[in-house]
Amino acid sequence: MSSPLPKGKMIAIQVLSILLFATVSAAAPEYAWLFFILYFVFFMVVMARSVSKSIKKPPAKSELGSPLFREVSVVQAITQDKQLFVELRSQLRFVTLNFVLLFLIIPLITVYNTYLAPQVSGLVSSENYGVFLNRFAVYLFMYVFFIAVTQGLRMLLLRKTPTQPVYPMRLFEVYKKGILLDGRQFIPMEDIECYKPNTERKFAEIKLKKSPIPVRLYTLELSRLSEVLRGVRLDECKET
């Protein structure tokens with residue numbers, strides 16, 4: 001699945017997290033579990049704030065003016081898109097698998113401590129490199145081992161699963177200044193890169209400049225919606 005953060009930033013966060021976990025585990029192994037809890041709580045708070053900042057509050061109705069296009073019957077268009085339910089099942093499968101993989105950590109710890117940890121400890125012995133570097137190497141390879149196995153299984157089992165999450169809007173309004181989603185989220189026109197209509201499935205996909213996750217607008221009046229989007233100077237996405 002796509003992440004709210006760019007792929008490069010997610011990789012950097014993973015690498016830094018592994019180094020940080022290994023350092024804390026080597027320096028104070030008895031407090032490592034407490035650090036993990038505090039770290040994940042902090043990370044979730046930061047992610048929640050970054051998401052909330054990306055959701056802009058709609059301007060006052062007096063500033064927006066009258067809507068150029070208003071769609072409240074999204075459900076009728078959604079029910080005609082059979083492919084959507086396939087995508088949602090795949091999305092549910094992805095979430096379920098991620099949850100199940102958490103329980104795989106327990107047997108992986110046993111496998112690592114039994115077969116791999118002695119090998120790593122022998123290569124970076126405490127006699128030659130000191131106790132801290134010995135522990136650091138053991139924990140570092142342990143976290144890398146966990147991530148490699150779980151992500152490898154995820155890629156293997158979900159290789160045919162769409163990586164892009166689907167979030168169909170229940171209702172939306174198009175204004176000259178932007179698009180109002182579900183009456184609470186506003187996307188200014190300057191934040192939109194382009195739109196891509198899908199005539200067969202009755203939706204227009206809005207691609208944003210600062211987010212990898214597109215917005216899907218379902219409507220039975222797709223041609224009129226496309227005309228309105230062109231009228232506010234939005235370009236249709238080019239095929240790649």
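Mentor: A search of the whole structure finds one disulfide, a disulfide being a pair of cysteine sulfur atoms within 2.5 Å. The two partners are Cys 194 and Cys 237, whose sulfur atoms lie 2.0 Å apart, and the link is right-handed, with 95 degrees about the S-S bond. Because Cys 194 belongs to strand β5 and Cys 237 to the segment after α9, the pair ties together parts that are 43 residues apart in sequence. Helices (H or I, at least four residues) and strands (E, at least two) are DSSP runs, numbered from the N terminus.

Before going further, please keep in mind that this is a predicted model, in which local features need pLDDT of at least 70 and side-chain atom pairs count only at pLDDT 80 or more, whereas totals for chains, interfaces and linings use all residues. Residues are numbered from 1 along each chain as its sequence is written, and side-chain values use heavy atoms, with hydrogens and water left out.

Both cysteines are shielded: Cys 194 counts as buried at 9% relative accessibility, and Cys 237 is buried as well, with a relative accessible area of 12%. Here buried means under 20% relative accessible area, exposed means over 50%, and partly exposed is in between (1.4 Å probe, protein chains only).

Let us now turn to the sheet. Strand β5 is part of an open sheet of three strands in the order β5-β6-β7, with antiparallel pairing; two strands pair if DSSP finds at least two bridges between them. The edges are β5 (192-198) and β7 (215-218), each of which pairs on one side only, and neighbouring strands are turned by 20 degrees against each other on average, direction ignored. Helix α9 (residues 222-231) packs on this sheet and touches β5, β6 and β7, its direction making about 160 degrees with that of β5. Such angles run from 0 to 180 degrees between N-to-C directions, the axes being lines fitted to C-alpha atoms, for helices over the stretch in contact. Between β6 (residues 203-208) and β7 there are four bridges in the antiparallel sense, and in one of the pairings Ile 206 has Val 215 in β7 as its bridge partner.

Leu 208 is also in strand β6, and at 18% relative accessibility it counts as buried. Leaving aside neighbours within four places in sequence, Leu 208 is in contact (heavy atoms within 4.5 Å) with residues including Ile 192, Ile 213 and Val 215.

The loop between β5 and β6 holds Lys 202, which counts as partly exposed at 26% relative accessibility. The phi of Lys 202 is near 65 degrees, a positive value in a residue other than glycine. Most residues other than glycine have a negative phi.

Not counting residues up to four places away in sequence, Val 174 touches residues including Ile 179, Leu 225 and Val 228.
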